[in-house]
Amino acid sequence: MKKNNIKVFTSGTWDLFHVGHLNIINQSSILGDELIVGVSTDELVEEYKGVKPIIPFKERFEIISSIKGVTKVVEQKVLTEIDMLKEFNIDIVTIGDDWKNKHLDGLEWMKKNGKRVEYFSYTDGVSTTSIKKDIIDNTYNIIRSQLSREISQMESWKKKQ
């Protein structure tokens with residue numbers, strides 16, 4: 001059902017895609033008729049987070065492009081760029097609530113021009129940072145398990161010889 005052709009924009013790194021990412025996309029998609037999603041370039045992510053994403057830009061772009069409810073995916077070289085918001089005539093920007101007290105030119109422009117900024121809470125217990133921490137904390141077990149599988153495969157192969 002049409003909602004007056006309301007255009008929603010959200011953006012992110014979308015690295016190590018998880019249910020929290022899916023939640024923000026799903027919550028954003030129900031606010032309007034079109035959902036345009038920005039995917040931050042590797043260079044932009046490195047600039048503001050100090051580290052490149054694990055999953056390369058092209059793959060993250062492809063993942064977001066395949067999600068139901070996403071109308072268009074765009075390359076994001078600047079965080080919430082005003083020119084992009086103008087170009088696509090965005091009515092609502094959605095963003096994580098960790099940005100609530102931070103300055104982004106695009107968010108300020110939206111508010112100043114009578115447009116809506118919707119802040120979403122993070123999904124409890126899941127984030128890319130927590131996934132990376134879990135991997136680091138479990139590195140020994142991951143390596144041990146992998147080596148065990150490889151040794152087992154080699155022993156099996158030797159028996160066949």
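Just after α5, Gly114 has a positive phi of about 70°. Before we dig in, some ground rules: this is a predicted model, where local features need pLDDT of at least 70 and side-chain atom pairs count only at pLDDT 80 or more, while totals for chains, interfaces and linings use all residues. Numbering starts from 1 along each chain as its sequence is written, and side-chain values use heavy atoms, with hydrogens and water left out.

**Exercise 1. Work out which residues of helix α5 are buried, and what they pack against.**

Step 1: find the helix. Helices are DSSP runs of H or I with at least four residues, strands are E runs of at least two, and both are numbered from the N terminus. On that basis α5 covers residues 105-112.

Step 2: sort by accessibility. Buried means under 20% relative accessible area, exposed over 50%, and partly exposed in between (1.4 Å probe, protein chains only). Gly106, Leu107, Trp109 and Met110 come out buried.

Step 3: look down the axis. The buried residues of α5 fall within an arc of 160°, so they line one face of the helix; the arc is that of the directions from the helix axis to the C-beta atoms. On the face turned away from that buried side you'll find the exposed residues Asp105 and Lys112.

Step 4: list the partners. With contact meaning heavy atoms within 4.5 Å, the buried residues of α5 pack against α4 (82-87), β4 (92-96) and β5 (116-120).

**Exercise 2. Find which members of the largest nonpolar core touch the most other members.**

Step 1: set the rule. A nonpolar core is a set of buried Ala, Val, Leu, Ile, Met, Phe, Trp, Tyr and Cys residues joined through side-chain atoms within 4.5 Å.

Step 2: apply the rule. The largest core has 16 residues, and Phe9, Leu85, Ile90, Val93, Ile95, Leu107 and Met110 touch the most other members. At least two residues of this core come from each of α4, β4, α5 and β5, and α5 gives the most, with three.

Step 3: zoom in on one member. Skipping neighbours within four places in sequence, Ile90 contacts Lys7, Val8, Phe9, Ile36, Leu85, Met110 and Lys115. There's also a second, separate core of 15 residues, with Val8, Trp14, Phe57 and Ile67 among them.

Step 4: In soluble globular proteins, nonpolar side chains tend to be buried together.

**Exercise 3. Decide whether Thr80 is buried or exposed, and list its contacts.**

Step 1: Thr80 sits in the loop between β3 (72-76) and α4.

Step 2: check its area. Thr80 has a relative accessible area of 4%, so it is buried.

Step 3: list contacts. Apart from neighbours within four places in sequence, Thr80 touches Ser11, Leu85, Val93, Leu104, Gly106 and Leu107.

**Exercise 4. Describe the buried side of helix α1 and what covers it.**

Step 1: pick out the residues. In α1 (residues 19-29), the buried ones are Gly20, His21, Ile24, Ile25 and Ser28.

Step 2: check the geometry. Down the axis of α1 these fall within an arc of 140°, so they line one face of the helix.

Step 3: name the cover. It includes β1 (7-12), β2 (34-40), α3 (57-65), β4, β5 and α6 (128-137).

**Exercise 5. Count the salt bridges and go through some of them.**

Step 1: count. A salt bridge is a side-chain nitrogen of Lys or Arg within 4 Å of a carboxyl oxygen of Asp or Glu, and the structure holds six.

Step 2: take Lys132 and Asp15, whose closest N and O atoms are 4.0 Å apart. Lys132 lies in helix α6 and Asp15 in the loop between β1 and α1, so the pair ties together parts 117 residues apart in sequence. Lys132 is partly exposed at 26% relative accessible area, whereas Asp15 is buried at 2%.

Step 3: take Lys133 and Asp137, which meet at 2.7 Å, N to O. They are four residues apart in helix α6, so about one helical turn separates them.

Step 4: take Glu75 and Lys77, bridged at 3.9 Å, N to O. Glu75 is partly exposed at 37% relative accessibility, while Lys77 is exposed at 56%.
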